[in-house]
Structure formats: C-alpha cells, structure tokens
Amino acid sequence: MKQSQLFTKTRKEAPKDEVSVNAQLLIRAGFVDKLMAGTYSFLPLGLRVFKKIENIIRQEMEALGASEILMPTLQPKENWEVTGRWTQLDNLFRFASYYSKIDYALGATHEEIVVPLMKKFVFSYKDLPTATFQIQNKFRDEKRAKSGILRGREFFMKDLYSFHTSEKDLDEYYEKAAKTYEKVFQRAGIGEQTYFTYASGGTFSKYSHEFQTVSEAGEDLIHICDKCRIAINEEIITDLESKCPQCGNAKLRKEKAVETGNIFKLMTKYSKPFELKFKDQEGSEKEVIMGCYGIGLNRLMGVAVELFHDERGIIWPASIAPFLVHLINLGQTEEAEKVYQELTTAGVEVLLDDRDVSAGEKFADSDLIGIPYRVVVSKKSLQAGGVELKKRNEKESKIVKIEDMIILLKK
RNA sequence: CGGGGCGUGGUGUCAACGGCUAGCACGAGUGGUUUGGGACCAUUUAGACAGGGUUCGAAUCCCUGCGCCCCGACCA
C-alpha cells in the first residue's frame, strides 16, 4: 500500500482525554478513532492489525476442528428469558423496536443463540462431539468503559462453543483448547507475557481458566508461579491458600494483568434450559455437555501496544503488524517504486511512504506506526550500494543489497 | 452506580485579573524555498459543550444538563 492513499494522518499529540498508552498511541498513529466512550472505529492500519489477529485465531480454531459461523447481534428477548439472563444481566443492552415495541437484546455472548441453533442439528451421540466458533462484535453495557480499547461497550470476541456426550470428553477437549490458546498468544507475540490462570468457576465447575497477559494496564491481579508458568487470579487466592495448585509452590509473584482469554466448562448450564439433548447408544436421552472459550481481539491488540512501545511509538510483533516493511522514499521515487514492486511481487506486505514530506516527518511517522522493518531508499543508501535496513526495535541500521533484502524479508 | 477531575478552532495549551479585537504552537489552504529526524518564509483559514442565571460587562462566577477521563464498585 502506498501511504499517499491512506486517508489517516498521524498526530504529534494525543487527545488530552486519553490517558492509556494503547489509546494514545493507536489514535496518534491513526489505527483507531474514538466514537464515544468504549467504542472505537478501526481505521485502515488498525483493521489490518485486527485481521492479522483474526486470522491467527481462525487458523488455530480450525486446527482444533471447530467450524466457523456468524450469528446475529440482534437477538430476541425470548431466548434470553429461557436462561433468565434477560433480567439477571445488568450489562445486557436491551431495547424495544420503535415500530413494533418488541424487545431485543444486543448480543453480549451467544450461548442463548448457539444452543437453540445446535438443537436443530444435534440429535444423536453420532453428531457429537462438535464445536463451532465465531469472531464477532459483542455489546456489553459497561458501567464504566476504560483503558482505551481494553474495555469497551462494543468489542470483538472469538467465541468457541464445544458440545460433548460426556464430561470426560469435554475435559479432553478443554485441555486441547487450552493448548490452542497458548499457541494463539504465542503466535500473536504476547505468549511470553501470557499466563494460564486459575479463576473462579461459576456454578458447575470449581475453577474456570483465564489467559492473563501481564501488563500495568491490566485490571486483574494474578499470582504467578514461575516454576509452572501458571497463575492464580487474586479472586480465588484465599481458596488456594496462596499456593500453586500444580506444584504447591508458595513463592508467587504478584502482577497486574489483562484478561485476554477465558475458558469455561459450562456442563449442562445452557443445554438444560434449552433442552439440547442427544440419544446415546442405548437410545436414552441425555443433555449435551458444553464448554465455551473466548478471546478478546481488541484486548489482544491493545495489550500488544501496552507491551511493545517506546517513547517514539508502537513496536508491533511481526505477526500482527499492519505491514512487515515500511519503505521510505527519500527523493528516489523511481528506485523506491521498483523496490516496492519487487517486495510486493515477492509477497511481502509493504507500506511505501511516497508522500512529499520531509525526511524527518517520514522517520517520525515510521517510528510511531511501528512496522517491524524500515527500509530507506535514498541517494545515500544507493551510493552505499543498496537500501538501508533497520528493525523498529533496534537502533542500528545497515546497508544491504536490494536482492539480499528481499530474500531476507521473504522468509 | 458512588467519588474526583476536565470541557477554549481539527489537535495541544499550568494563554488570557470579571473589562480593549480570545493569544500562541501544530494542523489545514495558497505562493515560494527545501529534502537523512516532525524544515523554512509569506499569507489565509478556523474556536468558548448546551441551556439558564448573576453582572453595565462572563471563556472567567453560579445552577442544570450533556460529554470525556481517572479511582472504586461491577464484569454472567
């Protein structure tokens, strides 16, 4: 993409009402725009990051054997009344149609939709186990939206639902899902800071599990066991007597963290009210056992910015960066265009700064936007025999031949 | 939902005593000079959150509403 085609502009200063690092940098660099508290537009650069994250998650979900669907955001009151959550949830957006006066909810989660859906397809043990997921915007009427894109009223979530004939089968799937989550966070570049965390369980299982990414911007407190690389959410630390549930280690490290994912064993909590049942081998009817598994996409994006930035701007992990290469043209348009074409042909995602602005502005914008590799084409670099290559997270640049640079970046 | 802070052009501003034409910087437009760290000159553009009140006079004081941010509570 050519930067001259980007309608967004960078800003020297963040709006004064944004305090959180993720909001400041994402707005300054033109990744997002705030519409109102807790709702943000994704702009071209931001959407590219979003799609990178989305694709990592999608690939891993598919590898887990789940198939993707897309359920409606606009939902009937009746479904929410079946589970009692129409009145129970205080952060469910509810409203009436202006014309018909019929009540609707905006989806805060999709158990109420996915269970009746599966009821139309699941009848026998032969239909199980199965799993389905979607990546979709959720609405929660948060009393207080906060921390930039980390806690919004509209946000994107990947929600996976699994359906089983037995608790044992759910347990096995749950383990696999947890492994898959670790892979997702690893691939997205925040694996090192993300911990499998014991959390309060809800009605049917003793504990649920969260994936908590250590960051000062987080609103949860976790206690980390460095031996096992797991953590315990502060909310259940007294239950566990401040000890690692896996090795008994009592020397836990306390950190603030962002809940980027969670996994729950729902058992029959939702299959029961909707009467989602199957016939077993003996022909007797049983309730389907369920699990649900979420990842917050906005949170993943926001926490990456919180984790990876410096005083000049964002430093994206390559796997979720909007582009791999920021190609800067300093008065060598013809040569820069050629390099741009070659990189593009080689399948490298590149943003070409073809704008007619000063070198200083180009460098400053490049640092702010945070693309992993910066390639400068200038008189100086050409005289030295090629282009100048610099990683965003390194200080020193080096001159490399154009062919070598392409080979290097192609991998 | 409780508490606190803030609201001045597109952005920023610990700019402005209750008083003269609301200042400065950035941005944007135009003309020109520039091109390795947000370059320079000239010129133009654009503003008091909304409503009410006090006052001869309100950006400034008071009230109400709205919005945003922060702390806490909440987060199925």
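Analyst: For the classes used below, Ala, Val, Leu, Ile, Met, Phe, Trp, Tyr, Cys and Pro count as nonpolar, Asp, Glu, Lys and Arg as charged, and the others, Gly among them, as polar. The model is a predicted one.

User: How many charged residues does the surface near RNA strand B have?

Analyst: In total, 44 residues surround RNA strand B, and the closest are Asp17, Ala37, Ala359, Gly360 and Ser378. Divided by class, this surface has 13 nonpolar and 11 polar residues, and the number of charged residues is 20.

User: Which element gives the largest share of the surface near RNA strand B?

Analyst: The elements that contribute two or more residues to this surface are α10 (359-369), β21 (373-378) and α11 (379-383). The largest share amounts to 8 residues, and it comes from α10.

User: Are helices α2 and α6 roughly parallel or roughly antiparallel to each other?

Analyst: Two packed helices are described by the angle between their axes and the distance between the axes. Helix α2 (residues 44-63) and helix α6 (residues 167-187) have axes 10 Å apart and pack at an angle of about 155 degrees. Angles over 145 degrees count as roughly antiparallel. The orientation of α2 and α6 is therefore roughly antiparallel.

User: What is the omega of the peptide bond from Leu128 to Pro129?

Analyst: Most residues other than glycine have a negative phi, and most peptide bonds are trans. Pro129 lies in the loop between α5 (111-119) and β7 (130-139). The bond from Leu128 to Pro129 is cis, with an omega near -5 degrees.

User: Is Lys101, which has a positive phi, buried or exposed?

Analyst: Lys101 sits in the loop between β5 (94-96) and β6 (103-106), and its phi is about 65 degrees although it is not a glycine. Because Lys101 has 7 other C-beta atoms within 10 Å, it is exposed.

User: Is Met267 buried or exposed?

Analyst: Met267 belongs to strand β13 (residues 253-267), and its phi is positive, near 55 degrees, in a residue other than glycine. The cut-off for a buried residue is 20 or more other C-beta atoms within 10 Å. Since Met267 has 20 C-beta neighbours inside 10 Å, it counts as buried.

How values were computed. Residues numbered from 1 in each chain as written. Chains lettered and ligands numbered in written order. Predicted model: local features only at pLDDT ≥ 70, side-chain atom pairs only at ≥ 80, totals over all residues. Near = placed C-beta within 6 Å. Helix = DSSP H or I, 4+ residues; strand = E, 2+ residues; numbered from the N terminus. Axes fitted to C-alpha atoms, helices over the stretch in contact; angles between N-to-C directions. Parallel < 35°, antiparallel > 145°, perpendicular 65-115°, else oblique. Buried ≥ 20, exposed ≤ 12 C-beta atoms within 10 Å, placed from the backbone.
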